[in-house]
Amino acid sequence: MLIDVAEVSETPPSHHAIKVHRVMCMELIQFVSRVSVLLPEIEAARPGCSSGREALCLLNHIIDKANTLRQHCSESSKLYLALTGNSILLRCQKSRDLLEQSLSQVQYMVPVLLAEEISQLIAELRGAVFILDPSEEEAGKVINELLRRYINTAEEHAFEAIQVAMWKLHITSLKDLLIEKRSIKKLLDRVGEGDSTKRKILSLFLKLLSKHGKSIVTEQTENGNQCEAMRCRLDDAEVDILRSSLPPDEFKCPLSLTLMYDPVVIASGETYERFQIQKWFAEGNDTCPMTRRKLANLSLTPNHTMKDLISRWSAIHGVSVPDPNMEATGAHLLESCSYSIASLSSSMNNLRNDFDAISETSNDSFHKVQCQDMDLNPLTRLSSLSWESQCNLVGKICNVFKYNDQVCNWMSSKDFVPAMIRFLKDAHDSNDLNSQILGCQSLSTVLQKCRSSFPYLNDDTFALLLSFLGTEVSKEALSVLKVLSCHQYCQQKIAEFIPKLIPLLEDTALAKDTLIILKNLCITKDATDSVAETDGCIPSVVKLLDSESLEDQEHAVALLLSLCTQCIQYCRLVIHTDEQVFSDLVNISLNGNSKGKAMASELLSLFNNNSESSGADVDISKGSTIDDYTKQKSSSSKAPGLFRKLFS
């Protein structure tokens, strides 16, 4: 209702000019740019049917809309953009969905190689997630609350609210303030008289900035020039920083070497975690810990820019930054593990009792033990413990990673995975079923929670996991392989034992994870061929279309769709496997879950566009399109009777 993207100029701005929602907009623009590169090839393929022409028109329309949205986020008011953040988010999500829909329509009308490229792009679009920047989202909530309260309580809370919003949106200088006021005036000039709500909101923004803006900016400029300098240094590389899987050193406190929760600037210009620098000063120090020079004063200035960047990076990568000032009241397991790590340095034999003890140890002491004496990591000495103590320790650490996301901020999977694998191998060699299950569960949890620091796994590890398939540990082993199958370097290793996975499709308790693994492998052509051409694979997957589990149906359709969109011959294999496949897909398209319905309809549409005869062979040369194949087949015979009936 509030957003209006008509107020743009003709020259598209660079991504650095985007004021608000930069990461989200750039994510969309990157997809749009990739589509733009493919568009000439798609048009050259001349998809002449009505659905093809509509898809091409829609693609061009989406590209225009995305550029308009980027321009809007570059020229509009920051306050207004923050207020309408949910509308921007919905626009990005809608554009993503329309891109996926249009590409899905045209991919069957182009040469096979181009279809593979489009299929990869579709897969990435399906996995794309747009989220509001936490700092900008908070600013939007503050502004929304301001508008609600202003009606009833006049300006009682106006100053504080506009101050927070300005800080969150980086309106930190007189120049920023001037640009923001001009942007609001331009919006007011373009708003029609009929949109009284928008006019009132913009007029209020202008009034509050005129009344309070200068004093807010002046106060921050006097006390926070260092913060502005930091913002300028980071601005050009901001998008790359936020995309990085590892946090930049600037995000870590020089004292604790952990991500900062409340970064502040001291008189020397250095930034520290508030809790850590206050502790430094409380110990009687009056120097900068980094420069060792005496400070003119001990004042602390909030580094809002740094805090916003850390918040945005954390949200994108799913990292939780704990508040060092608060007791970890909700992290009893973490504290218990922390205590045992510390006490292990004095008595390895008392490990079991240490874990059972209730510890009052703080997160800060955990960091100290971790940083000062890495040799005391209990996992480095796991094999020296009794088997019972090893099982106890592995179980505790599994729970820590399962229920405490912040553990990954302090220790990576490289610290844990080798020890977990050694434990799992010992459990295998000793035929200890319960320990095998525990080892697989722990390994899966650690790998799942520490995706950003994924370790290298050797051939012996994959052979060990393979040995569990077909045993009572199959379900737990599959959970490990499901995580590994998302990583490119692991996919080739897993693809080597696809024949071992196929029989697991017959087990209703294992079918879902097996289907997900096989689908994850279908990224490269070689892996796709291995999956489709393994004896019994396609018949087993087709059989699951009639499963009572809606999730099994969904994942079965997803795998078949992935196979059929990448290779024409696999359409024929699926269709000839069982004539019942059509009625099963129709049933899923009507009664399945939301994803299953959409994919079943898409697969039926694919079969409809590429109906085969049951007899004649057709030569499919490199570069042939699915339409070419359909024409050749239709000249020789008709589609199966049930198929014609379903689509008549």
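Buried residues (under 20% relative accessible area, 1.4 Å probe, protein chains only) make up 51% of the 648 residues in the chain. This is a predicted model: local features need pLDDT of at least 70, side-chain atom pairs count only at pLDDT 80 or more, and totals for chains, interfaces and linings use all residues. Residues are numbered from 1 along each chain as its sequence is written, and side-chain values use heavy atoms, leaving out hydrogens and water.

The chain has 33 helices and 3 strands. These are DSSP runs, numbered from the N terminus: helices are H or I with at least four residues, strands E with at least two. Take contacts (heavy atoms within 4.5 Å) with a separation of 6 or more: 72% of them in the chain come from residues 24 or more positions apart.

**H1 against H5.** Helix H1 (residues 22–44) packs with helix H5 (residues 112–127) at about 160°, and their axes are 11 Å apart. Angles run from 0 to 180 degrees between N-to-C directions, with axes fitted to C-alpha atoms over the stretch in contact. H1 is therefore roughly antiparallel to H5 (angles over 145 degrees). The contact is made by these residues:

| Helix | Contact residues |
|---|---|
| H1 | Phe31, Arg34, Val35, Leu38, Glu41, Ile42 |
| H5 | Leu114, Glu117, Ile118, Leu121, Glu124, Leu125 |

**Helix H29.** In H29 (residues 568–577), Ile568, Tyr570, Cys571, Val574 and Ile575 are buried. Seen down the axis, the buried residues of H29 fall within an arc of 155°, so they line one face of the helix. The arc is that of the directions from the helix axis to the C-beta atoms.

Notes: Buried < 20%, exposed > 50% of the residue type's maximum accessible area, 1.4 Å probe, protein only. Parallel < 35°, antiparallel > 145°, perpendicular 65-115°, else oblique.
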